[in-house]
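Biologist: I should like to learn how to read a model of this kind. Could we proceed feature by feature, with the general idea before the particular case?

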Amino acid sequence: MEVMSFLADGILLALEPINLALIIAGVTVGLFIGAMPGLGSVNGVAILLPITFLVPPNSAIIFLAAIYYGAMYGGAISSVTLGIPGASTAVATTFDGRPLALQGRASLALVTAALASFVGGTVATVLFTLFAPVLASTALSFGPPEIFALMLLAFATFVGLGGDDIPKTVFSICLGLVLAAVGFDTISGEPRMVLFEIDGFMRGIGFIVLAIGVYGIGEMLWTIEQTRGEVTTTNPKMTAKGMMSDAKEAAQRGWKGTAIGSLIGFFVGILPAAGATPGSLMSYGVAKMLSKTPEEYGKGSPDGVAAPESANNSASTGSMLPMLTLGIPGSPTTAILLGGMVIWGLTPGPRLFIDQSEFVWGLIGSFYISNIAALVINLAFIPLFVWMLRMPFTILAPLIFVLSIVGGFAASRSIHDLWLIVIFGLSAFFLRKFDYPLAPAVLAIVLGPIAEPTLRQSLLLSSGDPMIFLTRPIAGPITVIAIILILLPAVKLLRRKKTFAKN
Amino acid sequence: MRQGEISLVGLLALFSLYLIWKSTELPIGYIRGQGPGGGFWPFWLALGMLLSCLASAWKWWRTQSPASRSDEPFMDAFGWRTLLYVGGSVIAFVGLISIVSMYGAVAVFLLYYLRFLGRHSWFLTLAISLSLPIGLFFFFEAVMLISMPQGLSFTQPAFDLMYDIIY
């Protein structure tokens with residue numbers, strides 16, 4: 001009951017006129033920043049942090065958290081309408097969101113994303129409200145072996161994502177992981193894999209560079225070549241009745257993905273080293289595995305949009321948990337929020353809930369209000385985003401190229417990275433021609449910087465014995481599931497061969 | 001397509017070999033007290049790439065992949081033209097950034113694409129080619145405080161004028 005009373009006070013605080021205005025402004029700004037390829041919640045929160053010194057700390061964190069929420073909703077918009085994931089958290093949304101848009105069903109994809117995000121955010125907020133201290137201590141028991149086992153599980157789901165050609169999928173995963181290793185060895189600090197001795201590689205290869213190259217340039221070239229320049233697949237019509245019917249369809253065909261994403265996203269989100277990207281990817285993989293119609297995934301399944309979108313919102317709420325209760329940021333954005341809290345004179349950690357309960361519960365209350373505001377604002381802007389798809393392709397295509405290049409520079413501030421985007425784009429075009437799945441490479445470059453250090457730390461802990469991943473109580477079962485998933489295609493192939501031989 | 005696939009596999013195998021060699025610049029084994037060396041992770045992954053190339057070559061040999069069964073040409077004249085006109089224009093776009101600034105390159109690229117590839121009217125072409133770079137300038141320089149490349153010195157008067165407006 002005490003929790004409910006604190007929560008009621010928190011919601012009342014969030015509903016104060018200044019806080020409500022900041023929530024609406026934050027969500028709207030975040031939505032547009034998140035929709036821009038190359039810019040994500042971290043840019044929005046970092047740029048607007050100085051503005052928050054004009055208002056009290058309670059209102060400041062509410063504003064920044066609203067930007068975070070808005071950007072999470074916004075990431076889906078460029079994934080669906082442009083086919084370019086606006087942020088790493090929205091990579092998996094592209095798999096089914098873009099095919100839906102190409103079928104003229106962008107509205108269904110965007111409505112599904114908005115509703116799933118709302119449910120994911122709300123479920124996570126309820127879990128946050130009820131179990132914050134308990135979950136924080138559970139998350140702390142995840143050491144490097146557990147996190148690596150989780151990454152292994154994520155890679156295992158990639159094998160399922162890549163279709164039938166396992167060698168090509170494995171190549172794509174390994175390529176993404178090697179590209180993530182370019183730059184410096186984080187443990188010894190020595191330069192590593194500086195390809196062709198070009199200094200630009202010392203800075204490493206960012207996820208966004210590969211993602212924009214593959215989806216912004218390669219995918220567009222492929223689409224133009226395949227359709228002979230006459231893309232006629234999008235003719236979306238937007239009416240209030242149509243949106244209602246889309247909402248109904250999203251609820252019917254996307255509930256399962258939403259439920260899976262909401263739960264997996266939250267639990268992956270609270271792990272200090274993980275965050276929304278592995279959460280959204282794993283939710284997509286698990287939703288596909290549990291689906292009765294997995295063949296629909298990748299071709300425009302509402303469940304395939306709902307799972308990653310509910311997961312990334314759920315995880316963004318979850319990642320606030322270690323930040324507030326332990327002072328450990330779960331993502332780059334929460335790291336900036338943490339910095340803001342320190343500047344405002346607050347000390348994150350276990351005492352925060354006791355010493356600054358008004359601040360904490362005001363923030364939790366604002367999660368509920370921000371979620372509702374984000375849903376309403378997002379739905380209101382969907383006609384604008386869908387309108388973009390009505391443009392002739394000969395206008396939309398150059399705009400996508402321009403946003404890719406400009407967004408790529410905004411993210412990395414390096415001409416070297418722009419050339420890499422072009423090289424990746426042209427390579428992706430040729431690889432795509434020969435059925436190489438490229439999504440696993442993009443996802444691997446995101447997870448590589450988490451997987452490698454945790455593997456090396458684990459092996460250091462065990463003096464080089466890989467059994468550490470099988471003998472620990474949490475890591476063991478996760479590793480076993482991952483191994484089964486990796487071996488599953490081989491078992492299927494053998495069974496198919498047996499049946500073929502019998503016939 | 002059949003010849004194209006094995007050529008691509010060969011190129012990727014060569015790239016994998018290069019990565020294997022590159023990864024050995026740092027220790028690839030276990031160092032007592034320090035754990036796996038810096039080259040350990042990329043070495044095994046690059047080896048994984050090479051092995052998957054060999055598996056792809058085996059599938060090609062057994063004609064198990066769709067491309068290995070296809071007698072069609074890898075790309076027809078339209079495909080090569082697309083790659084040249086569209087892919088080439090993107091390369092030129094990035095090349096122009098260091099000369100005429102990011103915003104100048106955006107304007108030139110849009111002008112070329114909309115007018116010569118899209119065959120849109122001069123009015124629409126000029127409206128989009130001029131308004132989008134200006135919009136992007138205000139968004140990035142004034143709102144997001146991100147400076148884009150300004151090209152060679154001859155673009156400076158235009159930038160000075162724009163900065164006078166926003167500051």
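Modeller: Let us begin with the order of elements. In this predicted model, chain B runs along its sequence in the pattern α-β-β-α-α-α-α, with 5 helices and 2 strands.

Biologist: How does the radius of gyration of chain B relate to the globule rule?

Modeller: The rule gives 15 Å for 167 residues, whereas chain B has 25 Å, so chain B is more spread out than a compact globule. Its C-alpha trace spans about 60 × 55 × 25 Å along the principal axes. Of its 167 residues, 32% count as buried. Among contacts in chain B with a separation of 6 or more, 55% are between residues 24 or more positions apart.

Biologist: What does the rule say of chain A?

Modeller: For 503 residues a compact globule would have a radius of gyration near 23 Å, and the 22 Å of chain A agrees with that. The C-alpha atoms of chain A fill a box of roughly 65 × 60 × 55 Å along the principal axes. Chain A has 21 helices and 2 strands, and buried residues make up 59% of the chain. Of its contacts between residues at least 6 apart in sequence, 79% join residues at least 24 apart.

Biologist: How can the length of H4(B) be checked, and what follows the helix?

Modeller: One compares the expected span with the distance between the ends. At 1.5 Å a residue, the 22 residues of H4(B), 122–143, should span 32 Å; the end C-alpha atoms are 30 Å apart, which agrees. H4(B) is followed by B:Leu145, whose phi is positive, near 55 degrees.

Biologist: How many residues does each chain bring to the contact between them?

Modeller: Chain B brings 55 residues and chain A brings 46 residues. On the side of chain B that touches chain A, helix H1 (2–23), strand S2 (35–36), helix H2 (40–61), H3 and H4 each supply at least two residues. H3(B) gives the most to that side, with 19 residues.

Biologist: Which residues of the largest nonpolar core touch the most other members?

Modeller: In this core of 197 residues, they are A:Leu110, A:Met151, A:Leu210, A:Val442 and A:Ile445. Helix H4 (residues 57–81) of chain A contributes the largest share of the core, 16 residues. The core also draws at least three residues from each of domain 1 (2–69) and domain 2 (77–166) of chain B.

Biologist: Taking A:Met151 as a case, which residues does it touch beyond four places away in sequence?

Modeller: A:Met151 touches A:Leu447, A:Ile450, A:Ala451 and A:Thr454, once residues up to four places away in sequence are set aside.

Terms used: Residues are numbered from 1 along each chain as its sequence is written. Chains are lettered from A and ligands numbered from 1 in the order in which they are written. This is a predicted model: local features need pLDDT of at least 70, side-chain atom pairs count only at pLDDT 80 or more; totals for chains, interfaces and linings use all residues. Helices (H or I, at least four residues) and strands (E, at least two) are DSSP runs, numbered from the N terminus. The radius of gyration is taken over C-alpha atoms; the globule rule is 2.2 Å times the number of residues to the power 0.38. A residue is buried if 20 or more other C-beta atoms lie within 10 Å of its own, exposed if 12 or fewer, and partly exposed in between; C-beta atoms are placed from the backbone. Two residues are in contact if their C-beta atoms, placed from the backbone, lie within 7 Å. The expected span of a helix is 1.5 Å times one less than its number of residues. A nonpolar core is a set of buried Ala, Val, Leu, Ile, Met, Phe, Trp, Tyr and Cys residues joined through C-beta atoms within 7 Å. Domain bounds come from an automatic or database domain assignment.
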